[in-house]
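Reader: I would like to go through some of the labels attached to this model. Please set each value against its cut-off.

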Amino acid sequence: MILLTGGTGFIGSHTALALAQAGLPCVLLDNLSNSPESTLEGLARISGQAPVFERGDVRDAALLDTLFKRHPIRAVVHGAALKAVGEGLAQPALYHDNNVGGSITLIRAMERAGVRRLVFSSSSTVYGNPALAQLPETAPLAPLNPEARSKVMVEQLLHDVAASHPDWRIFSLRCFNPVGAHPSGLLGEAPRGQTLNLLTVMAQAAAGQRPPLSIFGNDYPTPDGTGVRDYIHVMDLARGHLAALQQVLQTGPAPDTRHWVINLGRGQGLSVLQLLQAFEQHTGHRVPHQWAPRREGDAASWVADVTQARQHLGWQAELGPAQMCVDAWRWQSRLLGE
Ligand code: UFG
């Protein structure tokens, strides 16, 4: 059994499916603070099986102890975190309590249970506003806000944890910009708050569900002046988490390195305008849009160097912009139809 924290979140729920399909059933732990319970129905309809779900908070040490006693947990995929940049700027203590405090509580519970195999969902936000066109994992870390700093802190914590005991095997996966949805249209991004990824905002604007898309900034030092990101399909990210999990589950003598930090991206940047064009081309729907000033805390460009992911995980992204757009649109259309 695998414990998957943040199991009903965007990346968590898709990862749960990838794991189950690979014969690695999970216990999903989530406090549902930023995802609806209906995610569980989507998971059940896709897999034909009700997921094992525990509603609770990763900061609850007693609950974690109970879970480790109740289920034969071999490893943890840790995705439970708050992720809205603006909210983190306004409430830094809340963010550090959830993201750093939650990770510390989890690791201590893992140590009590003798479970020392962990995959941590980190983020490309650790790189801040990078000067490099492509970011290897060795690029300087320069987090711009509390949410990003919390990811850096957890990575550093995991570095120390891995060094503390020969049984630890840990991956920190720096996820670039997750978009898309499950191809069934039954699972996708469904946050409670207003923080949505760009492609979801585009799909909602195209559906007339929200005002026109505001494009934040047209004067970035990028080919067309709009922000560039390494968008990656959430199904690819889920497979990336699975690949890392399969590695930490391996037995054998303790390697010298026990904490690996890996970028999960496509290695290809798309600007806001390029993604908008792709959306219109592949879905046949126009995205009403307007120009807006830069958004505070935004970087100009983030593109992953994916060499390590290929070499260490044997993983690479397979789905391109067409699939991202079509799947995001299918998910939004289904939500609209309900
Ligand atoms: N953008 C717009 N208009 C919008 C929304 C976004 O122009 O309405 C632009 C942004 O300025 C940026 C790009 O679209 O250039 C992507 O923005 P997102 O909000 O989709 O994603 P971010 O790059 O800001 O970062 C997100 C999360 C981070 C996470 C990161 C990588 O906010 O927490 O993806 O996973 F770390």
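Reader: What makes Asp236 count as buried?

Author: This is a predicted model, where local features need pLDDT of at least 70, side-chain atom pairs count only at pLDDT 80 or more, and totals for chains, interfaces and linings use all residues. Residues are numbered from 1 along each chain as its sequence is written, and side-chain values use heavy atoms, with hydrogens and water left out. Buried means under 20% relative accessible area, exposed over 50%, and partly exposed in between (1.4 Å probe, protein chains only). Asp236 has 1% relative accessibility, so Asp236 counts as buried.

Reader: Why is Arg239 called partly exposed?

Author: Its relative accessibility is 28%, so Arg239 falls in the partly exposed class.

Reader: What makes the contact of Arg239 with Asp236 a salt bridge?

Author: The term requires a side-chain nitrogen of Lys or Arg within 4 Å of a carboxyl oxygen of Asp or Glu. The closest N and O atoms of Arg239 and Asp236 are 2.9 Å apart, so the pair meets that limit.

Reader: Why are Arg239 and Asp236 said to be separated by about one helical turn?

Author: Because they are three residues apart in helix α8 (residues 234-248). Helices here are DSSP runs (H or I, at least four residues), strands are runs of E (at least two), and both are numbered from the N terminus.

Reader: How do you know that Arg59 and Asp97 form a salt bridge?

Author: Their closest N and O atoms are 2.8 Å apart. This pair links distant parts of the chain, 38 residues apart: Arg59 is in the loop between β3 (52-55) and α3 (61-70), Asp97 in helix α5 (residues 92-113).
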